[in-house]
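Have the viewer open and follow along.

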Amino acid sequence: MFRVFLLSAITLLSFPALSQRLITPLEYSGFTSLTTHKEMMNFLSYISTLKGVNISKNIIAVSPGGRDIPVLEFSLGEFGKDPDKLKVLLFAQQHGSEHSGKEAALLLIGELANGALNDALQVLDVAVIPMMNPDGNEVDRRRNGNNADLNRDHLILEQPENIGLQKYFYKYLFDVSMDVHEYYPYSEDWIALGFRKNSDVTVGCLTNINTPQKFRDYANEEYLPFVKDYLNLFKFSFAEYTPAGIPESEYMRYSTFDINDGRQGFGSLATFSFIQEGKNGEDSADNIERRAYSQMVGMIACLQFSAKNHEEIKELVKSERIKLAEGEPEFVSVQMEHTSDGSTLELPVISLKTDRDSVVSVKNFRPVVSSLFNVRKPFGYLIPVENKDLVEWTKKHHLETSVYEPNAKDIIESYYITGIDSIDFEGDRVINPSCKVELVKPTELKGNYLFVPTKQLAGNIIVQALEPKSMIGLATYKKYENLVTAGTMFPILRLVE
Ligand SMILES: [Zn+2]
């Protein structure tokens, strides 16, 4: 039934008929059982032997449980080699209990392999990672085999899945990326209110204030309306992603500005980056047919938008990456907050009483991210080489570094931590140290240092990670909390010029 509908809608869009497409394990089961890692591996192995589109299968990482994490690459030429083509990376199921992203990615892979998206592939090279968290998938669990939340790990990069993803990203420097998830609309507080969110697909754009403003404007003005129309064409509903609890119990906002997730992590490298969240079922398999197809249509919308605007996006990404390489912007925000602009959010919901679509007006809505504290971007940072964890961290982020050779002319600042207060970070408390800046003579430095210049692609990430006052920096993680200790020098130094 769904297939018939999709076929007619797709024909309407002048896509080729999809009847030749290989069916996915989920479809084969009649939408009764979710795809296992083994079934996916078999399906992808078969897909990668098909002719027509150039398809290659690679393994980006191995999970803690020993399971391969494959990526499928699609190109009409040689993948990643044509500088005029836009490189798009779609990855799904960082959270193992969110199955529709994976099932949608497998459906999409079938369409790509079948040639149904060859028009888009004229100007795009597309990589799809359907299952970022196979250990979680196998036991229907959010976290990975190390009991870690992969989508909070993109800054510290402790988990093999993300270390592999980061390495893979740097291999091609993708222009566009999308991380696919699910949101859960069945919580008790919403049910008590008599409504729940009901959009098939939601999309979140970049929110971190240090990501390019042009990306954020372009995404809001062009991408979101495009995806909405595209989904509506297939009779799927859409809303912009607005997590947080029921209206007025707490403020509602667009997604976090933290840079530890897949969207903001790559967005901070001037990638045109999104998160897509489909609607979860009441359990993992509930309504999976609609959930998987709606997510797939959202992913196709991302590809079609990218293809339609490939020149403009390519240019935007290129110019923003040049700015980062030149050390722009001059100031980086390391403390932010969500603020109101006076607007009310008209949130589409379903009324549980009438089972009809409705709208809830949210007055306590904070769509704007404002800076609370900026730092001037230094020329670079000096990391003590004896701190193996930090040195390792620079490698996992593929940072350009060099051994620091002291020069008498260098101006070096160090922070003395005079005290540690705390600051509210989206309902949690994180450290807010007070610091005194002192000058250090290069010739008086003890020990060896690694120089990390800020004039590089990850320049903004480096500042947000390494400043002691950063509310989203390394020192807010348990592993690095010793970096900030009251009454001591912060061990990372700033080379100002
Ligand atoms: Zn998720």
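**Sheets, helices and domains**

Strands here, like helices, are DSSP runs numbered from the N terminus (H or I over at least four residues for helices, E over at least two for strands), and two strands pair if DSSP finds at least two bridges between them. Strand E11 (residues 345-351) runs antiparallel to E12, and six bridges join them.

A word on what you're looking at. This is a predicted model, where local features need pLDDT of at least 70 and side-chain atom pairs count only at pLDDT 80 or more, while totals for chains, interfaces and linings use all residues. Residues are numbered from 1 along each chain as its sequence is written.

Now for the eight-stranded sheet. This one is also open, with mixed pairing and the order E1-E2-E4-E3-E5-E9-E7-E8. Its edge strands are strand E1 (54-62) and strand E8 (238-240), each pairing on one side only. Neighbouring strands in this sheet are turned by 20° on average, again ignoring direction. Within it, strand E3 (residues 86-92) and strand E4 (residues 124-129) pair in the parallel sense over six bridges, and Val 88 stands opposite Val 126 in E4.

Helices pack on this sheet too. Helix H9 (residues 213-233) touches strand E7 (201-204), E8 and strand E9 (272-279), and its direction makes about 165° with that of E8. Helix H11 (residues 288-308) touches E3, E4, strand E5 (176-183), E7 and E9, with its direction at about 160° to that of E9. Contact means that the C-beta atoms of two residues, placed from the backbone, lie within 7 Å. Axes are lines fitted to C-alpha atoms (for helices, over the stretch in contact), and angles run from 0 to 180 degrees between N-to-C directions.

How do the helices meet each other? H9 and H11 pack at about 135°, with their axes 9 Å apart. That makes H9 oblique to H11; angles under 35 degrees count as roughly parallel, over 145 as roughly antiparallel, 65 to 115 as roughly perpendicular and the rest as oblique. The contact brings Tyr 223, Phe 226, Val 227, Tyr 230 and Leu 231 of H9 against Ser 294, Val 297, Gly 298, Ala 301, Gln 304 and Phe 305 of H11.

H11 also has helix H4 (residues 99-114) as a packing partner, at an angle of about 60° and with the axes 8 Å apart. H4 and H11 are therefore oblique to each other. Among the residues in this contact are Leu 107 and Leu 108 of H4 and Met 296 and Met 299 of H11.

Finally, zoom out. The protein is divided into domain 1 (2-325) and domain 2 (378-495), with bounds from an automatic or database domain assignment. Their centres, taken over C-alpha atoms, are 34 Å apart. Across the boundary, 15 residues of domain 1 are in contact with 18 residues of domain 2. On the domain 1 side, helix H7 (160-172) and helix H12 (310-325) are the elements giving two or more residues.
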